[in-house]
Amino acid sequence: MEWTSETTHYVKGALETRPEPRSGPADGEAQCLAGPAGLCRELGPRAGADIGVVTVEIAAFSRILPEIDLQAGYEILRQLAEAVREGFARYFPDCALLRLQETGVAAHACFFSPRSCPGDGGGVLASFSAFRAGLSDTLSRRFTHMAGRHLAVDIGYARLDAGSGEPGPHHILKALCQAQCMGKNEFDAERCQLHQTFERLLAARELDVRYQPVADLSAAGVLGWEVSIRGDAGGPFADPLLLWDFAVQCGEEASLDRVFRELALAHLGTVAERQKLFLPIRHASLDDPAFAPARLVAALERLGLGPANVVLSLSETSGPGELSCLFERLEAHRAAGFELAADDVGGGASNLLLLSRARPDWIKTCPGLAEAVEANPFKRVMLETLALLADKIGARMAVGGVASDLALSTVASMGVAAALGPHFGDPACPKSETVGELPPKASFDILGGVARQCSAPIGKLADECLTVDTQTTVDEVKELLGERPPMTNVVVASNRRPVGIVMNYHLDRRLSTRYGNSLFAHKSVTRIMNPRPLLAEATQAVEAVARQAMNREASMVYDDIVVVDAEGLLVGTVSVQKMLDSLAQVQVELAKGSNPLTGLPGNMAIEQEVNRRAKIALPVSCVYVDLDHFKVYNDAYGFTNGDKVILLTARVLAEALHGRPDCFLGHVGGDDFVCITPRQEAEPLCRQTIEAFARAILGHYSPEDQIRGAISGKARDGTPGMFPLVSLSMGIVDCAFEIPFSTEEFSQRVAEVKKFAKTKPGNSYVRDRRAPLGAKV
């Protein structure tokens, strides 16, 4: 059983309904004390001392009591109180009973402190284990016999965690609820030992914090770190999941989370102005005063940090009911400058609708989505769709679980902001300050090629819709909608010009209020319509409309879009779902044409780009790029290093193209690339690329091979020998597009120029001096 808000309210209500005693307790005696205020007065002088609480209750007795003999019920209540008082004196001889408090019907709590060994959790737990074993089964059997039906006696234990301050009502209620949680669980000798270990780790703060670097795929470098916590390497809580699960079972989740936060900040070290700590937050911490925005900001300022350096991560492995309110409850933290992240997206209970409503600043995907993503087109499409959603709601996306160069290259090609995973090293303390070499972020937008967008007009998606005029009454609209689905709409129009929209689910909500039907039923539909629907002209691009739709107020974000023509007349409506499906399909088609290693446009996109240039008849130069002696390098250094050389080639080409107008870079496959540039840019591009490649390629060889300037290997025919270092051969073919030419002609010309370029030793480029392809001779 977990500590729920219902439990808190029950215990709080039970405490507050007890009348205050007319006189104080006698010295040395433990008597009932009413209310949390009275408890605070009694326990206050012991601020900072170890205080424990043992709860004893008959499960669901308040529900069962009316169903059994009243006299038997009273006798059970009397015997329970007597057994608790006598049992505590017997089984806790080394503890001083501070207060015996009735907390509800057939529910008692003993507040106590050790007389001799403060902080000796092992001794207290041993006493508690004996107390539970001695009373639980005995009382259960006795009360079951008296009531004529099964009654279970739950006995639990918790520490009153007030830190160094004075315990308040919040601490008392929390301890009571934690103890009740433990009372619902089995408690044997092994669990007792585990609890002792857990209490020791928590009290001594002997917990291991680790930092996993988060790579910045936009600017290259370390964006920040994701922090995690675990117990001793050889202990039972070395696995973080086991540690947190046990904390939840014991009702100590908030206590562990507070220690986690404090240790995570204490061991963080220096952080640059723009770097961030991704700090996981548990649901139980939201009620912790130490987590309040002001307290958290003050703790950061003492370390020279600010809210902008912290991203609060909320895992979607929480229940959907919890996650749906978490972001709302953290709005005060967002207002204080903290960013919020939806964590483990794709592996938990949330959905796209919830994400769009919560609008987190970051979307962090579950590690499983990145596993073998370079070879799994379905995972790739899923990640690209999430990247698209993140863009639409104004969030940044971090992909977790990246474990290889290929996975990193594939993820980088999607235009996401960040990545983390085993590829960047194991979580460590102190934190790693580097993430190694990152692949080029070869997105279409950066290289000035085909943009990742859906240029189809929104009008093509429009459906016919129900329409009414402004004189129509609400009850007529309700009858018109009838049994139609909640997402059905009615457009209110005047002379074919839309003036508002009514969504079925909004109508139901308005009429289901206490006076809704009587207030609106016979009134004009204009009283309840949305007078500011999103109007989109039929020629607008789907992507542009989607961006406007997702930036609407939360209550309207899923209202249908009203499509009009150039004169403002109604064409139809488009649902948000249909629009997002259309965008997702575009991403699927783009993924089919991209190279999985570099993320650059593949053969399909290259052909489309050449055709686009041909249609506008704009003269260009096609630069064909090939690596020399690459097979020998692959054989000697392995395919992983071979992929790094291909990524190096992509990066130097992308850097050389950056800033040049109207350029395009594509990856044919393997070690072959194509650049399309204006004619005057071709040779400067080749010179810049060759200079950068010649400097960088040396770093991919051993010192011995660098000095030798060659490596030992076998030619394609198997002949052994010494071969030069990898170099670039670049061939320039000019295209005029004045008259049509075939793909075969283009391929033949490129092959000839490429062959000639490869006859030149080292890095080289050649230009075809014949008349441009497609030129009028």
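Predicted model: local features only at pLDDT ≥ 70, side-chain atom pairs only at ≥ 80, totals over all residues.
Reader: Let's begin with a sheet. In what order do the strands of the open three-stranded sheet come?

Author: The order is β13-β14-β15, and the pairing is mixed. Two of these are edge strands, β13 (466–468) and β15 (497–503), each of which pairs on one side only. On average, neighbouring strands in this sheet are turned by 30° against each other, direction ignored.

Reader: In which sense do β13 and β14 pair?

Author: β13 and β14 (residues 489–494) pair in the parallel sense, over three bridges.

Reader: Which helix lies across β13 and β14?

Author: That is helix α16, residues 474–481. The helix runs at about 165° to β13.

Reader: Now for single residues. Is Ile155 buried or exposed?

Author: The idea is to compare the relative accessible area with a cut-off: buried means under 20%. Ile155 has 1% relative accessibility, so it counts as buried. This residue lies in strand β4 (residues 153–159).

Reader: What does Ile155 touch, leaving out residues up to four places away in sequence?

Author: Its contacts include Val54, Thr55, Val56, Phe128, Phe131 and Leu135.

Reader: Where is Leu314, and how far is it in space from Leu279, C-alpha to C-alpha?

Author: Leu314 is in strand β8 (residues 310–315). The two leucines, Leu314 and Leu279, are 35 residues apart in sequence and 8.8 Å apart in space. Leu314 counts as buried because its relative accessibility is 1%.

Reader: What should I know about backbone angles before I look at some cases?

Author: Most residues other than glycine have a negative phi, and most peptide bonds are trans. Now look at Asp344, which is not a glycine and has a positive phi of about 55°. Asp344 lies in strand β9 (residues 339–345) and is partly exposed, with a relative accessible area of 23%.

Reader: What is phi near in Asn495, and where does this residue lie?

Author: Phi of Asn495 is near 55°, a positive value. Asn495 lies in the loop between β14 and β15, and it is exposed because its relative accessible area is 71%, where the cut-off for exposed is over 50%.

Reader: Is the peptide bond from Cys429 to Pro430 cis or trans?

Author: That bond is cis, with omega near 5°. You will find Pro430 in the loop between β12 (418–419) and β13.

Key
Residues numbered from 1 in each chain as written. Heavy atoms only, no water. Pairing = 2+ DSSP bridges. Helix = DSSP H or I, 4+ residues; strand = E, 2+ residues; numbered from the N terminus. Axes fitted to C-alpha atoms, helices over the stretch in contact; angles between N-to-C directions. Contact = heavy atoms within 4.5 Å. Buried < 20%, exposed > 50% of the residue type's maximum accessible area, 1.4 Å probe, protein only.
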